[in-house]
Amino acid sequence: MFVMLEDVEEIKKLKAKYCYYVDGYYEDSSCLDLLLREVFAEDAFVDFGPFGSAKGREEIRNFYVNVVFGVLSFSMHMLLNPLIEINGESRATGKWYFFVPSTMRENNLAGWLAGIYDDEYEKRNGKWFIKSQRVKWFFGTPYDKGWSRENMIPK
């Protein structure tokens, strides 16, 4: 049981690194290298629904540069309600609500992003990595309009 609790805590730290590195990129582009090296497994898969998907670190790098960082000029992840399940010595899953104040690069529009990260984790050489990350979107909305009046996430 004690090892499982340690694993849960390590996965929480891993997800916190994900947030810090994504959000930190806008001030320090070296955060992208840390994100790829310390957070994602070499053969990881990300799926952001209508915004695209990528497999492997090089595709993931391109996806974050062109889509995430290409669209947003600011983000500040807040994660809520982690639900982490350890499935043996080297596998785990996690679901996290996310709420992200953000700014669109093109028009400097402040907004809110929200949804669920649905992750699979893999432990390699004693260290946890994100093996897959799928995003279920609830909304993306301008700050001043709110999610009940306008949702900018394509269906």
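Modeller: Let us start with N81. At 53% relative accessibility, N81 counts as exposed.

Colleague: Why is N81 called exposed?

Modeller: The relative accessible area decides: under 20% is buried, over 50% is exposed, and in between is partly exposed (1.4 Å probe, protein chains only). N81 has 53%, so N81 is exposed. Its place is in strand β4, residues 78-86. Strands (E, at least two residues) and helices (H or I, at least four) are DSSP runs, numbered from the N terminus.

Colleague: What kind of numbers are these?

Modeller: This is a predicted model, where local features need pLDDT of at least 70, side-chain atom pairs count only at pLDDT 80 or more, and totals for chains, interfaces and linings use all residues. Residues are numbered from 1 along each chain as its sequence is written, and side-chain values use heavy atoms, leaving out hydrogens and water.

Colleague: What is phi of N81 near?

Modeller: Phi of N81 is near 50°, a positive value in a residue other than glycine. N108 also deserves a look. Phi of N108 is near 60°, a positive value in a residue other than glycine. N108 sits in the loop between β5 and β6. With a relative accessible area of 60%, N108 is exposed.

Colleague: What makes the pair of Y97 and F138 tilted?

Modeller: Rings of Phe, Tyr and Trp (its six-membered ring) pair if their centres lie within 6.5 Å; planes under 30 degrees apart are stacked, over 60 edge-to-face, and the rest tilted. The whole structure holds 20 aromatic pairs. The centres of Y97 and F138 are 6.0 Å apart and their planes lie at 50°, so this pair is tilted. Y97 is in strand β5 (residues 91-104) and F138 in strand β7 (residues 127-142), so the pair ties together parts 41 residues apart in sequence. Y97 is partly exposed at 37%. F138 is partly exposed at 35%.

Colleague: Why is the pair of F98 and Y117 called tilted?

Modeller: Their ring centres are 4.6 Å apart and their planes are at 40°, so the pair is tilted. F98 belongs to strand β5 and Y117 to strand β6 (residues 110-124), 19 residues apart. F98 is buried, at 4%. Y117 is buried too, at 3%. Both rings belong to one aromatic cluster, whose members include Y18, F40 and W137.

Colleague: How do you know that the charge of K15 sits over the ring of Y117?

Modeller: NZ of Lys or CZ of Arg must be within 6 Å of the ring centre and within 35 degrees of the ring normal. The charged end of K15 is 3.9 Å from the centre of the Y117 ring, and it sits over that ring. K15 also lies over the face of Y18, at 4.7 Å from the ring centre.

Colleague: Why is α2 called oblique to α3?

Modeller: Axes are lines fitted to C-alpha atoms, for helices over the stretch in contact, with angles from 0 to 180 degrees between N-to-C directions. Helix α2 (residues 31-39) and helix α3 (residues 57-71) have axes that come within 11 Å and cross at roughly 140°. That makes α2 oblique to α3. The cut-offs are under 35 degrees for roughly parallel, over 145 for roughly antiparallel, 65 to 115 for roughly perpendicular, and the rest for oblique.
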